[in-house]
Amino acid sequence: MYHRISRRTVLGGLAVGATLAAPGIARAQGAQQLAIATGTTGGVYYPLGGGMAAIFSRNIPGMSATVEVTGGSVANLQLLGAGRVGMILTQVDAAVDAVNGRERFRGRPVPARAIFVMYTNRMQVVTVEGRGINTMADLKGKRVSTGAPGSATEVMAFRLIEAVGLDRDRDFAARERLSPAESTNAIKDGKLDAYFFVSGVPTSAIVDLGATPGVKLRLIDHAEYVPKIVEKYGPVYFAEEIPAGTYPGQDRPNKQMSVGNIVAVRADMPGELVTALVKNIWEGREELARVHSAAKDFKLENQKSTAAGIPWHPAAEAYWKAQGAVLG
């Protein structure tokens, strides 16, 4: 009944003959097609989004859902604002900027609404032994990657670099804008000294680096800078710790900065569709945990307005209240 939407359809507009039920949702010959913007293939959003798409396509009558590889949160919010996707995975900090028309969204606020609070994203500053990097200050003069263009990694990396007292344009020997998989390969090839990546843990690109023969992984502590960042950008960040042994060769805990992740849609998505989406994510969380362990943190107590960061879609708010969540 429903037809799959292609990457070309998502990026170039709706297919000929399709009528728009809501921005990012296409109907063709009675078929409802949902495009989900995720992230890079080396992160967590992409496999989780794929798991969600499979659940939606199987359980929602007539639904055909697909995932899109993107740069990450900023790109996802821009696609949502343009009506080219129907659902996104995003970091809270980027979503707050988008809704308020700040930073990369200046003058172009996005009518994003939260439907689900997922798990914590961890900022990981990744290097290997032998590169002379033991503290954040040691990054000065090194070759670094601050994340893929359009990613929330890039936004968060810039804020951390600023808090450390470094200049992102002058203080590095080179600053690349690579995906985590590309960054791992560049470190292996001796072309990069360190990279920033924000994701759930463990993430495949960092696992790959830690498991490389002859390489000793090192994650650089930076939690001490969180208060300074929060003072300027608001309480969307908090200090956490990645336990030792999370990655191959990681023999010490990593004190780092974290931010929440949400699933979001446009404010004008029909309520009955929102209810179906959030219900299937929540009831499919055990299946999603088999796709990626980050889904083990999908919990009722996470569904709080402060954690969501942006307004709830009314249908999602009603769903969570019915489940007994104390939204606050």
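The model is predicted, so local features are reported only at pLDDT of at least 70 and side-chain atom pairs only at pLDDT 80 or more, while totals for chains, interfaces and linings use all residues. Residues are numbered from 1 along each chain as its sequence is written, and side-chain values use heavy atoms, with hydrogens and water left out.

Helices (H or I, at least four residues) and strands (E, at least two) are DSSP runs, numbered from the N terminus. Strand β6 covers residues 112–128. Of its 17 residues, 15 are buried, so β6 is largely enclosed by the rest of the structure; buried denotes under 20% relative accessible area, exposed over 50%, and partly exposed the range in between (1.4 Å probe, protein chains only).

A nonpolar core is defined as a set of buried Ala, Val, Leu, Ile, Met, Phe, Trp, Tyr and Cys residues joined through side-chain atoms within 4.5 Å. The largest such core contains 88 residues, and Phe 56 and Met 87 have the most contacts inside it. Strand β6 supplies the largest share of this core, 9 residues. Another core, of 14 residues, lies apart from it and includes Ala 186, Phe 197, Ile 242 and Tyr 247. Beyond its neighbours within four places in sequence, Met 87 is in contact (heavy atoms within 4.5 Å) with residues including Phe 56, Ile 115, Ala 264 and Leu 277. In soluble globular proteins, nonpolar side chains tend to be buried together.

Helix α2 (residues 45–59) packs against helix α9 (residues 271–283) at an angle of about 115°, the axes being 10 Å apart. Axes are lines fitted to C-alpha atoms, for helices over the stretch in contact, and angles run from 0 to 180 degrees between N-to-C directions. Met 52, Ile 55, Phe 56 and Asn 59 of α2 meet Leu 277, Asn 280 and Ile 281 of α9. By class, this contact comprises 5 nonpolar, 2 polar and no charged residues.

Helix α3 (residues 73–81) is mostly covered, with 7 of its 9 residues buried; among them are Val 74, Leu 77 and Leu 80. The axes of α3 and helix α4 (residues 92–100) come within 9 Å and cross at roughly 35°. Ser 73, Val 74 and Leu 77 of α3 make the contact with Ala 94, Ala 95 and Ala 98 of α4. Gly 83, which follows α3, has a positive phi near 75°.

Pro 235 is located in the loop between α8 (226–233) and β11 (237–242). This residue is exposed, with a relative accessible area of 76%. The C-alpha atoms of Pro 235 and Thr 246 are separated by 26 Å, the two residues being 11 apart along the chain.

Conventions
Nonpolar A, V, L, I, M, F, W, Y, C, P; charged D, E, K, R; others polar.
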